[in-house]
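Hi everyone, thanks for making time today. I'd like to walk you through a structure that may be new to you, so please have it open as I talk.

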Amino acid sequence: MHDIIRLLPDSVANQIAAGEVIQRPASAAKELLENAIDAGATLIKLVIKDSGKTLIQVVDNGCGMSMTDARMSFERHATSKIKTASDLFAIKTMGFRGEALASIAAIAQIELKTKRVEDELGSQIIIEGSKVIDQKPTQCANGTSIAIKNLFFNVPARRNFLKSNQVETRHIIDEFTRVSMVNPLVSFTMHHNEKAIFQLNNSTLKQRISGLLGANFSQRLIPVEQDTESIKINGFIGKPEFARKTRGEQFFFANNRFIKHPYLHHSIDAAFQELLPKDTFPSYFIFIEVDPKTIDINIHPTKTEVNFQDSKVLYAILRAAVRQSLGKFSITPTLDFDVEQSLDFTDPPKGKIINPPKITTDPTYNPFDTQTRKDSKHFSKSKTTNWESLYADQVQIAKPDKLTTEDNDLQKNIDSNEESQKEVGEIINEKIFQFKNRYIVTVVSSGLMIIDQNLAHERILFERFSNLFENEKASSQQELFPETLSFSASDAEILNDIKDELSIIGFAIKPMSKNTFVITGRPADLTDFNLRDTLEGIIENYRKNLLDINLNKKINLAKSMAANVAIEAGTLLKKEEINAMVDALFACKAPTVSPSGKAIFNIISMEEIAKKFN
Ligand code: ADP
Ligand code: MG
């Protein structure tokens with residue numbers, strides 16, 4: 001028998017190792033950005049093409065490398081960042097495993113140019129699949145430029161695993177955001193296919209957050225600070241009223257490293273307790289500094305989990321710090337959405353004669369009167385259903401005849417709701433009222449129907465916007481005083497991308513300079529909103545929806561628009577608005593589910609009600 005165990009050739013070993021370190025273009029971008037930070041750069045440029053699939057380049061003005069170091073940097077376990085095992089417990093740099101460049105070199109074509117200040121000439125190295133193709137002195141700027149071309153060119157299987165361009169770009173932007181947020185004193189730029197996505201000058205943390213996430217962020221932030229002997233916490237939390245429905249802007253950094261930490265996340269959630277509307281998430285940007293000895297970051301480079309020695313103490317300190325900030329900025333007092341209009345179900349005093357409630361209706365109110373309907377700011381009646389059909393013996397819930405892709409997705413939900421649809425039966429009478437400024441309640445033949453006003457309006461608007469995209473052009477109302485708005489580079493990029501579609505809906509948006517726009521018109525029937533907040537909301541939503549690869553641009557926009565201009569829970573509605581909403585809802589193709597897939601209404605059946613009295 002022959003001996004059969006062999007050492008893998010370096011190139012194969014490197015390729016295997018690379019699979020663990022570099023999973024996608026974003027992982028390579030992260031490694032390069034972190035190396036530039038470690039090199040002490042004050043200016044870092046990230047350039048990508050085709051979502052990093054053909055090019056990821058990072059140019060920095062950091063310390064540069066000597067010719068020998070430049071060559072060494074591609075060897076596995078070659079690092080300048082630790083020398084002895086004890087260094088491992090005092091790590092202040094981003095990298096230390098000496099794996100990143102070796103890994104990237106195994107699976108891409110790399111062009112490195114680097115020069116130290118003290119050297120006359122720099123060095124250039126070209127490597128392909130771990131093989132040095134060329135190495136020579138060259139004239140170049142101080143600092144380092146690394147271009148990674150055709151990532152995974154020799155590992156087609158991995159290349160095929162990459163997601164859509166939008167998803168991969170999003171991942172790169174996430175990494176860029178994390179690195180640049182924790183280094184506000186460093187200037188950063190990011191370009192994608194020659195377009196500027198971010199241009200961030202060295203600044204304060206607050207300005208950096210706004211530069212990354214949108215200019216309006218600076219008014220939304222409350223500082224958090226806590227200094228104890230062992231733990232230092234600083235950063236910002238978002239004011240509760242700006243809490244998002246999606247888990248968006250939540251950042252923890254430990255010793256300048258982005259981390260995920262569900263336990264600490266919970267401590268912030270706990271601090272926000274009661275202050276947030278249901279199903280919303282607070283924003284936070286929290287920087288924790290602890291003695292490197294008390295934190296285990298000797299972890300895999302792609303992992304973001306860390307272990308703190310004293311996580312219980314940290315939990316308590318963090319919660320206290322956040323609560324203190326919320327208190328100091330007097331956010332803690334009542335955030336009562338629904339004092340008005342609430343129905344009081346407390347027991348009547350003993351012996352008191354209870355009069356049956358009287359329902360008063362407005363005898364002058366005429367739902368057919370279009371004049372009154374005009375008063376209603378939030379709705380315009382575009383569909384054919386009228387009041388008669390709503391109160392007719394049988395509520396006709398329009399069956400979708402032509403389903404959009406979106407509605408196809410929702411068909412499942414609709415089907416499962418079919419039962420309840422049938423059971424809706426007739427709406428008995430006009431006793432429709434708003435409950436807790438949040439729900440619309442009405443009596444139907446099978447019981448009590450409770451409609452979520454926010455979700456209902458979202459559905460109505462979504463269908464209206466989708467319709468507009470398909471067919472017509474909405475009327476636009478000229479702004480009396482056109483507003484000039486500036487956006488962050490990334491927001492401006494998206495706005496430029498969607499402004500034509502927004503014009504179909506009625507927005508008139510003209511670019512002025514790179515990140516500045518003049519808004520000369522807004523949808524005629526949707527005048528009651530803050531322009532800046534809404535546009536930023538739409539952009540933010542749109543950006544998040546980009547992750548959903550099946551969503552086409554128009555549906556994404558219709559969704560984002562609807563989510564942002566739909567009336568919120570907590571809005572008091574006039575009687576005619578309530579009626580108009582119910583009317584419009586049941587004229588929708590899919591009145592049962594919101595665009596995000598939630599049930600719009602529920603019916604409490606007679607049986608359920610009867611059971612309560614048994
Ligand atoms: P690590 O960062 O874990 O040390 P890398 O493979 O990322 O490992 O980099 C290897 C070495 O190459 C680094 O330790 C550093 O000395 C050098 N290096 C990498 N990128 C740069 C850069 N942009 N500027 C200066 N030196 C760099
Ligand atoms: Mg590194």
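Let's begin at alanine 243, which is buried, with a relative accessible area of 17%. We call that buried because the cut-off is under 20% relative accessible area. Before I go further, please keep in mind that this is a predicted model.

Leaving aside its neighbours within four places in sequence, alanine 243 is in contact with Leu276, Thr280, Phe281 and Pro282. Aspartate 279 is 36 residues away from alanine 243 along the chain, and their C-alpha atoms are separated by 9.4 Å.

Now jump to aspartate 491. Is this residue buried or exposed? Aspartate 491 is buried, and its relative accessible area is 3%. It belongs to helix α14, which covers residues 489–505. If we don't count residues up to four places away in sequence, aspartate 491 touches Leu213, Gly214, Glu536, Ile539 and Arg543.

For contrast, have a look at serine 80. This one counts as exposed, since its relative accessibility is 62% and exposed means over 50%. Serine 80 lies in the loop between α3 (67–72) and α4 (100–106).

Let me point out a few atom pairs here. An oxygen atom of ligand 1 lies 2.8 Å from a backbone N or O atom of glycine 98. At alanine 100, a backbone N or O atom lies 3.3 Å from an oxygen atom of the ligand. Threonine 144 takes part through its side chain, where an N or O atom is 3.2 Å from a nitrogen atom of ligand 1. Taken alone, ligand 1 exposes 530 Å², and the protein buries 92% of that.

Next, the inside of the protein. The largest nonpolar core has 60 residues, and Leu46, Met181 and Phe285 touch the most other members. Which element gives the largest share of this core? That is helix α2 (residues 25–38), with 7 residues. If you click on leucine 46 and skip residues up to four places away in sequence, you'll see that it touches Ala29, Leu33, Ile56, Gln57, Val58, Ile172, Phe176, Thr189, Met190 and His191. Apart from this core lies another one, of 31 residues, with Phe465, Ile494, Leu546 and Ala558 among them.

Finally, let's zoom out to the whole chain. The protein chain has 614 residues, and buried residues make up 48% of them. You can trace 18 helices and 22 strands. Among contacts with a separation of 6 or more, 70% are between residues 24 or more positions apart. The accessible surface comes to about 31,300 Å², and 52% of it belongs to carbon and sulfur atoms.

Note on methods. Residues are numbered from 1 along each chain as its sequence is written. Chains are lettered from A and ligands numbered from 1 in the order in which they are written. This is a predicted model: local features need pLDDT of at least 70, side-chain atom pairs count only at pLDDT 80 or more; totals for chains, interfaces and linings use all residues. Side-chain values use heavy atoms; hydrogens and water are left out. A polar contact is a pair of N or O atoms within 3.5 Å; within protein, one must be able to donate a hydrogen and the other to accept it, and residues adjacent in sequence count only if both atoms are side-chain atoms. Accessible areas come from the Shrake-Rupley method with a 1.4 Å probe; for residues, only the protein chains shown count as cover. A nonpolar core is a set of buried Ala, Val, Leu, Ile, Met, Phe, Trp, Tyr and Cys residues joined through side-chain atoms within 4.5 Å. Buried means under 20% relative accessible area, exposed over 50%, partly exposed in between (1.4 Å probe, protein chains only). Helices (H or I, at least four residues) and strands (E, at least two) are DSSP runs, numbered from the N terminus. Contact means heavy atoms within 4.5 Å.
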